[in-house]
Amino acid sequence: MSIEGCEGCAVRRCTFERIDGNGVFLSGYTRHTTLADNEFSWIGCSAMAAWGYTKENDGTDGQQPRFTYILRNYVREIGLIQKQSSMWCQAKACQTVLEANIAFNGPRAGINFNDGFGGATNVSHNLIFNQCRESGGARGTWHSPHPDQPARCPHVSQHSTASVRLLAQTTAP
């Protein structure tokens with residue numbers, strides 16, 4: 001399922017099973033999209049992903065997923081075809097809330113932030129285990145020179161700072 005150009009869309013209580021590509025893909029301009037209480041299993045790529053567009057590092061035109069809510073999803077057996085897959089992957093997207101999701105049995109990180117675009121993303125109370133069966137860690141971030149330093153993207157808007165906050169992240173050994 002691809003979503004682009006929408007405001008206030010919701011995908012709730014759906015089952016995505018045996019899909020070759022991504023389960024749900026947010027592209028370009030989306031605002032206040034909610035993906036909640038869904039089940040994803042035997043997915044070829046990522047269960048859920050968001051990808052925005054910028055002009056180099058300038059995101060002031062707003063063509064990115066923002067204010068996305070990923071809540072209480074159950075995700076297993078992902079990345080059967082594409083090994084760079086996650087429960088959630090975001091690139092050039094920001095202001096995301098990932099809360100109370102369960103993800104297991106994937107080839108790479110359960111949550112992947114491709115870059116530090118825009119910031120204001122919160123991750124809390126997720127259970128992620130048996131990920132990284134082929135490489136990686138429970139979560140992946142590619143935007144920062146050091147895991148304790150937030151990334152900076154100065155050209156998002158004058159009222160935004162770039163950061164990813166992990167709040168009460170639960171990761172099983």
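Q: What percentage of the 173 residues of the protein chain count as buried?
A: This is a predicted model: local features need pLDDT of at least 70, side-chain atom pairs count only at pLDDT 80 or more, and totals for chains, interfaces and linings use all residues. Residues are numbered from 1 along each chain as its sequence is written, and side-chain values use heavy atoms, with hydrogens and water left out. Buried means under 20% relative accessible area, exposed over 50%, and partly exposed in between (1.4 Å probe, protein chains only). Of the 173 residues, the buried share is 49%.

Q: How many helices and how many strands are there in the protein chain?
A: Helices (H or I, at least four residues) and strands (E, at least two) are DSSP runs, numbered from the N terminus. The protein chain holds 0 helices, and its strands number 21.

Q: What is the relative accessible area of Leu35?
A: Leu35 belongs to strand β7 (residues 34-36). Leaving out residues up to four places away in sequence, its contacts (heavy atoms within 4.5 Å) include Met48, Ile70 and Trp88. Leu35 is buried, and its relative accessible area is 1%.

Q: Which residue in β15 stands opposite Val75?
A: Two strands pair if DSSP finds at least two bridges between them. β12 pairs in the parallel sense with β8 over 4 bridges, and Ile43 stands opposite Ile78 in β12. β12 also pairs in the parallel sense with β15 (residues 102-104), over 3 bridges. There, the residue opposite Val75 is Ala103.

Q: Is Glu56 buried or exposed?
A: Most residues other than glycine have a negative phi. Glu56 is not a glycine, yet its phi is positive, about 60°. Glu56 sits in the loop between β9 and β10 (65-66). With a relative accessible area of 72%, Glu56 is exposed.

Q: What is the relative accessible area of Ala120?
A: Ala120 also has a positive phi of about 60° without being a glycine. Ala120 lies in the loop between β16 and β17 (121-124). Ala120 counts as partly exposed because its relative accessible area is 40%.

Q: How many residues apart in sequence are the parts that Asp37 and Arg72 tie together?
A: A salt bridge is a side-chain nitrogen of Lys or Arg within 4 Å of a carboxyl oxygen of Asp or Glu. Asp37 and Arg72 form one, with the closest N and O atoms 2.8 Å apart. Asp37 lies in the loop between β7 and β8 and Arg72 in the loop between β11 (69-71) and β12, so the parts tied together are apart in sequence by 35 residues.

Q: Which residue forms a salt bridge with Lys83?
A: The whole structure has 4 salt bridges. Lys83 is partly exposed, with a relative accessible area of 34%. At 3.6 Å between the closest N and O atoms, the partner of Lys83 is Glu134.
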